[in-house]
Amino acid sequence: SSEQLVSSISLLSEEEFLSEVSGLEVCDNRSVPEGSIIDHFCSVADAEAFRVALEDQRGRKVTYSELNDLSARVAIGLLKLGVERGSRVGIGMTRGIDQIVMMLAVLRAGAAYVPLDLEQPEDRRAGMAADAGVEIIVGDVGGSHSVTLQTLIDTGAETEGNIETASSLQRSGADTAYVMFTSGSTGRPKGIAIPDRAILRLALEPGFAEFYPGKRIAQIATTAFDAATYEIWCALLNGGTVVVIDRDATYDPANLAAAFNEMRPDSMFLTTAVFNRVVRADCDAFPKNSEIMFGGEAVDSDAVRHARKRWPTVRFVHVYGPTETTTFASFHEVQEKASHERSVPIGKPIRATSLYVLDDFLSPVPRGVAGQLYIGGEGLADGYVGAPNQTAESFLADPFSSTPGARMYRTGDRVRRLEDGSVEFLGRVDRQIKLRGYRIEPGEIEAAIRTVFPKAVDVVVDARSRSSNGADRTLYAWLDGGAIGPELERELRSKLAQLLPAWMVPRRIIGLENLPINANGKVDARALFVPDNDESKANSKDFSTQTEKLLAELWSELLDGAPVEPGDEFFGLGGHSLLGVRLVALINEKFNISLALRNVFERPSLEAMAADIDNLKMISPGNDEGSNRKIVRLSRRRRSEIRGTTN
């Protein structure tokens, strides 16, 4: 028709269209098994009663029989406190065996668990609990609605036949299993409700890996990060063993390698940033014949090629999936030919999952043409708690599915389909940032900045890299209204730390007279500059010792020129675990000592860290030679090398 819109004309023939939306390369059409998580767990517990279900590095082991009994007892304790089917129970516990027991018990009580990360600000945790409709919080968090695990165990022990009682509770695959929060573009975290069936689709013969009785899966992630769904339920619903790795071991490649070689997991997931860092470290990290899942942000194909060459007997799998699609939606196993690939695809769908590459009018695009990725199937979340408008915007009717009421999730990821049908990630269609495994909405940070600094009219938050290879991206914020001095920057960062988790606090807050505007009248983010380290100096006033002054200069160097003063803490200034590893390496190099990484996490203040250096007696305030030593300003090339080797 002469009046037909050009945008409505399909680039695909009818045959090509049908292939794109119904071929095996688009959908894994296997259905999800019937029943609930508890149905399947109880069957496994009966069959594998004496097999170890949970194990940690401290030597604690819990068999399936013991886990079955203990979780049932705790579930009865929850029921006695008024928890019922459909309730939401917050879990504010440190990562470990007890936390996993609690998660299982909540499900046995017919409720949904809400992980509350104790490392996030208290007010933020309270807001998430309120938004999720949490009725009770388990853990040593205080408050009128909190209870300890031991109290629940003691309460549940008073009931005879508690296993039978807890197992008789009705639960279906449609019940909500957990509510997990991610950063929200509106200024508040979004709570995502995941049903049982979505977890069963991930854990039971999903296609990206084989799970079987005795398979050991490392538990590394915080339970507020959906990688924990894979680590815990893919083991417990198949008779495997959840191997809890100490939190401290996850910060340093050598310690992580030692933990892996001690506990011998068969399978593990690492965020891309940690994967890159481990691969580039000089340690034999991965046990022979193990299975490494990695993902969470754009992949460094060089690191993948290096890993494939260095550990030829290890299976490397690049996995992809937003929280809204329950941990993993697709996977790509890295083969020998990876050495010739320019990038690493996100691959093909796992069980009961559909991947659609669509244009702005929700029509499939030809292979090789960029479009937005939409995900359908039974792994989808029910939606965002208390946010029907957001749910309607992100979860659309699936026009390609024959299942009545089927939906698909709009990912915001720009992709294209390759000739073999697999999908390649190209970037974002919006401003969302994926950083060190976390999904970050700049809008949430910008809203928080306006809260603590109402004077700012225009605020932009973005992730930038200072290194030539694009490694070590970090957050920066730019404000209008003039330059921001060191004191105000410190004050703003301190206030933001009360509202946001550490990974969302910008490393630097930069004030400009006016933010640059492009030809369309919008802020030109590409024109926003990052401060040059070489022009920065650590604040020199009031340092008690020469070591403190030298250490402050080193901190400032790593933190892109952030002003450092007595009383500061490394992580309060924007440091994180990856920078902590780098800091220890540089301290040991420059001061000629052997400072342990644990010191940085246990004693992060400038004074304490300087005292630890002095206690190693390599630099002393009373030593003339030591007092005259200066930390040589690192060259741009050296900084790039350090960033590249420990990404």
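The legends below describe close-up views of a predicted model.

Local features rest on pLDDT of at least 70 and side-chain atom pairs on pLDDT 80 or more, while totals for chains, interfaces and linings use all residues. Residues are numbered from 1 along each chain as its sequence is written, and side-chain values use heavy atoms, with hydrogens and water left out.

**View 1. Arginine 125 in helix H5.** Helix H5 spans residues 122–132 and contains arginine 125; helices (H or I, at least four residues) and strands (E, at least two) are DSSP runs numbered from the N terminus. Arginine 125 is buried (under 20% relative accessible area, 1.4 Å probe, protein chains only). Arginine 125 has no salt bridge (a side-chain nitrogen of Lys or Arg within 4 Å of a carboxyl oxygen of Asp or Glu). Glutamate 122, the nearest side chain of opposite charge, is 5.2 Å away.

**View 2. Surroundings of arginine 125.** A polar atom of the arginine 125 side chain lies 2.8 Å from the backbone oxygen of glutamine 120. Leaving aside residues up to four places away in sequence, arginine 125 touches Leu116, Asp117, Leu118 and Gln120 (heavy atoms within 4.5 Å).

**View 3. The open sheet E25-E26-E27.** Three strands with mixed pairing form this sheet; two strands pair if DSSP finds at least two bridges between them. Strands E25 (459–464) and E27 (508–511) are the edges, each pairing on one side only. Strand E26 (residues 474–479) pairs with E27 in the parallel sense over four bridges, and leucine 479 stands opposite glycine 511 in E27.

**View 4. Helices across the sheet.** Helix H14 (residues 442–452) lies across E25 and E26, at about 135° to E25. Helix H15 (residues 486–497) lies across E26 and E27, at about 130° to E27. Angles run from 0 to 180 degrees between N-to-C directions of axes fitted to C-alpha atoms, for helices over the stretch in contact.

How values were computed:
Buried means under 20% relative accessible area, exposed over 50%, partly exposed in between (1.4 Å probe, protein chains only). Lys and Arg count as positive and Asp and Glu as negative; His and the chain ends are not counted. A polar contact is a pair of N or O atoms within 3.5 Å; within protein, one must be able to donate a hydrogen and the other to accept it, and residues adjacent in sequence count only if both atoms are side-chain atoms.
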